[in-house]
Amino acid sequence: MTALDGLVIKILLRLGFKGLNSVKKYLAEQEAKRPLSPEEEKQLFPHHRPDSDRVLVVRNLNVEFNVGKGNVVKAVSNVSFDLVRGETLAVVGESGCGKSTLGKAVLQLPHPTGGSVNFLSKELTSMGKKELRDMRPAMQMIFQDPISSLDPRLPVSEVLAEPLRVWNRGNQVEIDAKIDELLGAANLDPAVVRDRRSYEFSGGQCQRISIARALALDPTMIICDEPVSALDVSVQAQILNLLQDMKDRYGLTLIFISHDLAVVKAVSTRVMVMYLGKVCEIGTPDEIYQNTKHHYTRALVGSVPIPDPDRPLSGNLIQGEPPSPANPPSGCRFRTRCPMATEKCAQEEPQLREVSVGHFVACHHPIAE
Amino acid sequence: MKTRKSRPVGFYLAGSWLGLMVFIGLFGWILPLPQWDEAFFDDLGVGPFSPRHLLGTTQDGYDMLAGLVNGARLSVFISFASVLIGGGIGALIGITAAYFRGKYDLIVVSIFNILLSIPNLVLSLALLSVFAYSDADNPASTNRRVMVLIASLIIVIIPILGRISRGSALQWTNREFVLASKSMGTKSFTIIFKHILPNVAPAILSIGFLAIGSVIIVEGSLSILGIGIPGGASWGSMLANGRGNIAYSPHEVYLPALFIALTVISSNWFGDYVRSSLDKRESKI
């Protein structure tokens with residue numbers, strides 16, 4: 001919705017047109033972005049922690065893509081979560097469940113189609129271009145494909161100088177010093193790598209440069225979109241250690257998007273499981289792994305390979321493929337593949353509810369002990 | 001360390017021929033040559049390597065070498081001017097269309113398609129005969145013809161290079177480094193000039209050099225059709241003037257034809273080499 005539309009609707013509201021569809025939609029949008037009192041929020045979103053020092057609060061986030069001929073794909077629907085300063089929230093789920101879209105929508109690239117993204121107590125979704133740009137340094141992103149993350153025509157020193165120049169962080173000497181510091185922090189030798197270009201590096205090295213670039217503006221939050229999926233296992237460990245070091249050193253808050261549960265277990269302090277654009281389960285990694293409540297999470301956890309050749313393969317893995325997000329099933333979205341699905345699951349959409357302290361699940365028939 | 005690939009001989013040959021043409025186009029008037037439109041009535045249609053005329057004269061007594069040097073001036077000027085202006089505008093429109101997408105992209109692509117459906121020779125012919133109409137009573141000046149010719153060639157080149165750069169830019173606008181750049185708050189203008197243009201440049205340059213070749217050919221064709229540059233002032237027009245005398249002094253036709261051919265081939269080759277030397281990344285994989 002553009003500023004002009006907003007103005008027109010405000011005039012319509014003054015004149016008393018409350019019944020018009022566009023006005024209703026506008027009112028609903030404003031309602032969704034309304035600041036909530038802690039009690040209200042606790043009631044509407046039981047898994048939120050309004051009493052903590054939160055960096056990010058996302059409420060009822062929706063991302064829809066127009067795929068032509070009037071078809072709309074709901075990549076993310078009504079996702080709500082919050083992020084306490086210093087924590088690492090892992091977002092897991094199979095390919096196409098909307099995890100990456102969620103990460104990009106938080107950064108407003110592209111803008112979500114509905115809901116509220118509140119970052120450092122500022123509402124990002126209703127911001128203008130300029131205001132939003134001023135928020136950008138505080139939130140950075142690291143991408144899945146390390147090689148495509150760096151411009152092949154620019155030497156590393158230019159890649160790292162770009163954010164510093166855009167925000168006028170010092171003169172050339174200061175920028176050079178900062179670049180050396182960042183490269184050093186990312187375990188790269190500045191003298192060797194400064195003048196090289198991305199194609200002269202391995203994937204792991206490129207990913208370290210990307211991390212260094214994300215750190216250049218001293219961000220508060222970094223969204224890591226599958227940062228290690230494209231790397232081989234030995235390098236994965238290096239990158240994860242580097243991320244952990246950086247987090248400790250710069251006091252970062254991370255959103256860690258991944259489909260690899262083994263990696264997630266190693267890095268996260270909170271895990272959010274997504275299926276077809278919805279949150280199914282959220283809790284600490286120990287709870288999620290040891291005390292799994294959602295049938296989908298159990299299938300995900302069960303699919304993690306265990307290095308023991310004598311161990312029998314787990315038989316209760318889910319079958320088939322996720323349904324199309326253009327036409328999701330009614331009620332619980334997982335019911336088409338769920339072993340426990342009943343009539344209730346088709347009619348009523350399960351809401352997140354607390355099953356044990358800090359562990360929430362959206363399921364009508366959670367797994368019993 | 002970077003190892004410099006040894007370039008093939010063709011690169012140097014093509015490059016030096018193009019360089020020579022540009023040089024004589026710019027500084028040909030300094031050379032100690034007779035005036036190109038001065039007729040030598042003592043030497044009508046002498047062959048190449050004659051005492052006073054290195055490349056001979058035409059049946060009308062014009063010095064061939066002076067004509068070719070003067071022709072280079074016009075041909076080089078027309079081709080470089082139209083490709084630089086048309087290519088610049090086309091690349092800018094194409095890249096911004098690929099970057100911003102949406103309705104702007106849709107409109108740009110439709111206009112490109114409409115322009116591309118007009119055959120370039122027909123367009124130039126139409127424009128020249130309307131805007132630089134010329135008959136025995138009121139002949140259009142050479143300058144006016146050159147300007148109209150360049151304008152019509154620009155119109156032809158904009159959609160060609162625009163489409164190439166749009167197609168090439170589309171591969172880059174969705175790369176993650178562009179998204180990373182956006183996410184750190186870089187302005188669109190900076191992203192386009194710093195990240196997308198340098199990556200699209202090899203494709204634009206190679207097509208640009210190809211276009212220089214085609215423009216020279218179009219200019220020649222128009223002169224042969226009788227509506228290009230009149231009076232033997234360009235290579236094409238020398239060819240047009242000389243074609244009636246091919247039986248008596250074949251060098252009148254062969255020499256301008258040779259110059260056109262060499263320049264076109266050189267610009268194509270040179271474009272290829274420029275692209276492959278700029279495209280380090282692709283050649284690495």
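The points below describe the fold of chain A in a predicted model, and then its contact with chain B.

1. Overall form. The secondary structure of chain A comprises 14 helices and 12 strands, and its C-alpha atoms occupy a box of roughly 70 × 65 × 45 Å along the principal axes. Because a compact globule of 369 residues would have a radius of gyration near 21 Å, the 22 Å of chain A agrees with that expectation.

2. Interior. Of the 369 residues in chain A, 39% are buried. Among contacts in chain A with a separation of 6 or more, 65% are between residues 24 or more positions apart.

3. The nonpolar core. The largest nonpolar core has 154 residues, and within this core A:Met272 and A:Cys280 touch the most other members. When neighbours within four places in sequence are left aside, the contacts of A:Cys280 include A:Val273, A:Met274 and A:Tyr275, as well as A:His294, A:Tyr296 and A:Thr297. The partners of A:Cys280 also include A:Phe334, together with A:Val361, A:Ala362 and A:Cys363.

4. Strand β1 (residues 54-66) of chain A runs antiparallel to strand β4 (residues 114-119) of chain A, and 5 bridges join them; A:Val58 stands opposite A:Val117 in β4(A).

5. A hairpin. Strands β11 (residues 353-356) and β12 (residues 359-361) of chain A pair in the antiparallel sense over 3 bridges, and A:Glu354 stands opposite A:Phe360 in β12(A). The two strands, β11(A) and β12(A), form a hairpin with 2 residues between them, and A:Gly358 in the turn has a positive phi of about 70°.

6. Contact with chain B. Here 20 residues of chain A are in contact with 16 residues of chain B. On the side of chain A that touches chain B, the elements giving two or more residues are β6 (139-142) and α6 (156-166) of chain A, and the largest share, 3 residues, comes from α6(A). By class, this side of chain A has 11 nonpolar, 3 polar and 6 charged residues.

Methods. Residues numbered from 1 in each chain as written. Chains lettered and ligands numbered in written order. Predicted model: local features only at pLDDT ≥ 70, side-chain atom pairs only at ≥ 80, totals over all residues. Pairing = 2+ DSSP bridges. Helix = DSSP H or I, 4+ residues; strand = E, 2+ residues; numbered from the N terminus. Contact = placed C-beta atoms within 7 Å. Nonpolar A, V, L, I, M, F, W, Y, C, P; charged D, E, K, R; others polar. Rg over C-alpha atoms; globule rule 2.2 N^0.38 Å. Buried ≥ 20, exposed ≤ 12 C-beta atoms within 10 Å, placed from the backbone. Core = buried A, V, L, I, M, F, W, Y, C linked by C-beta atoms within 7 Å.
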